[in-house]
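Colleague: Please put up the model, and then we can go through a few points in turn.

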Amino acid sequence: MKKVTMQDIADALQISKNSVSQALGNKNGVGEQTKRLVLQKADEMGYQYKKDVVYTPTDNQFALVATEFALSQKSFFGEICLSLEQEMTARGFYLTTLAVGPEAIATNRLPRELEEKNWRGIFILSHISDVFVKQILELGVPTVMIDHHDPHLRTDTILSQNKDGAFVAVEHLITLGHERIGFVGDVDFSPSYEERFEGYCKAMRHYKLPVNSHYTITSIKEEQAALFQALEGLEEWPSAWFCVNSGLGFILNSYFQSKGFAIPEQVSIVCFDNTEFAILAQPPLTTMCTDLRFMGRKATETMEWRLRNPSAPIVNVAIGTELVLRESTGELV
């Protein structure tokens, strides 16, 4: 019987002999998917190779994948990234950040380094696209998502308690006497914003208050011109607003300032995410705060746990939020 060679495997898979050699030696020159195909074909054809070198991590290299947009949000995602890097370093791990641009997302093209290196684990920060994330999960590497989830993405996740946090924020406005409460946020932008809208609606229902479609803005770009235009078109005005993030809260506050409204005497504003937008606004904005450093720590701990328990059920860790009271909310006059 003819002895099976690397060239036979290469011909069967229609790849180069060099790629087969790199895959069998667990080298970084080929992606994880190619490695798995080569190993499977080698076993099928009866090729003898040193199995103890395959998929044995030679270092503690981990990847953090995020969009260029997310990485530009220094006051929010920057805190998570810094915490994650510090926690990983303290444990002797090495973390490499891989930025994903709009073109790569549109064409579903993974970063070259992600496919070529034998990563021990991968972190995904915030929303990219479900198709893109599925490709990452198909690499078969332990993966933890941070600040994003979807029923179709079967992997461990670290989240904020978005729905409960929004409920508390709106409840705060209601306890101040507000009954006409508006909403601002693009609910299709991310599951987090959709959940915050659900929390807003739940609070309104709980206190038997109507959700008025005239001032629930659920599709809006996070730009001053877009929000100003939407506000100018309103026929009715609520006495208070809930915004899905501090950027929109800052823009909303700027709009009312430009119109001469007294805040909070004439209108109250509460938002989500305790970033510099909430702090620098005049007056500073009441907001729901998530401990971002803690998110980074839990992501690291979850990755460690997953490495020790590869067959355990998927876990979703939801971190509670705290209401930070500032001058943008007050009793209805």
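Modeller: Domain bounds come from an automatic or database domain assignment. This is a predicted model, where local features need pLDDT of at least 70, side-chain atom pairs count only at pLDDT 80 or more, and totals for chains, interfaces and linings use all residues. Residues are numbered from 1 along each chain as its sequence is written, and side-chain values use heavy atoms, leaving out hydrogens and water.

Colleague: What distance separates the centres of domain 1 and domain 3?

Modeller: The assignment gives domain 1 (6–45), domain 2 (61–160 + 292–319) and domain 3 (162–290). Taken over C-alpha atoms, the centres of domain 1 and domain 3 are separated by 55 Å.

Colleague: Is Tyr215 buried or exposed?

Modeller: Tyr215 sits in the loop between helix 10 (191–206) and strand 7 (216–217); helices (H or I, at least four residues) and strands (E, at least two) are DSSP runs, numbered from the N terminus. Contact means heavy atoms within 4.5 Å, and beyond four places in sequence Tyr215 has contacts including Arg180, Phe183 and Trp241. The cut-offs are under 20% relative accessible area for buried and over 50% for exposed, with partly exposed in between (1.4 Å probe, protein chains only). At 3% relative accessibility, Tyr215 is therefore buried.

Colleague: Which residue in strand 7 is the bridge partner of Phe183?

Modeller: Two strands pair if DSSP finds at least two bridges between them. Strand 6 (residues 181–184) and strand 7 pair in the parallel sense over two bridges. In strand 7, the partner of Phe183 is Thr216.
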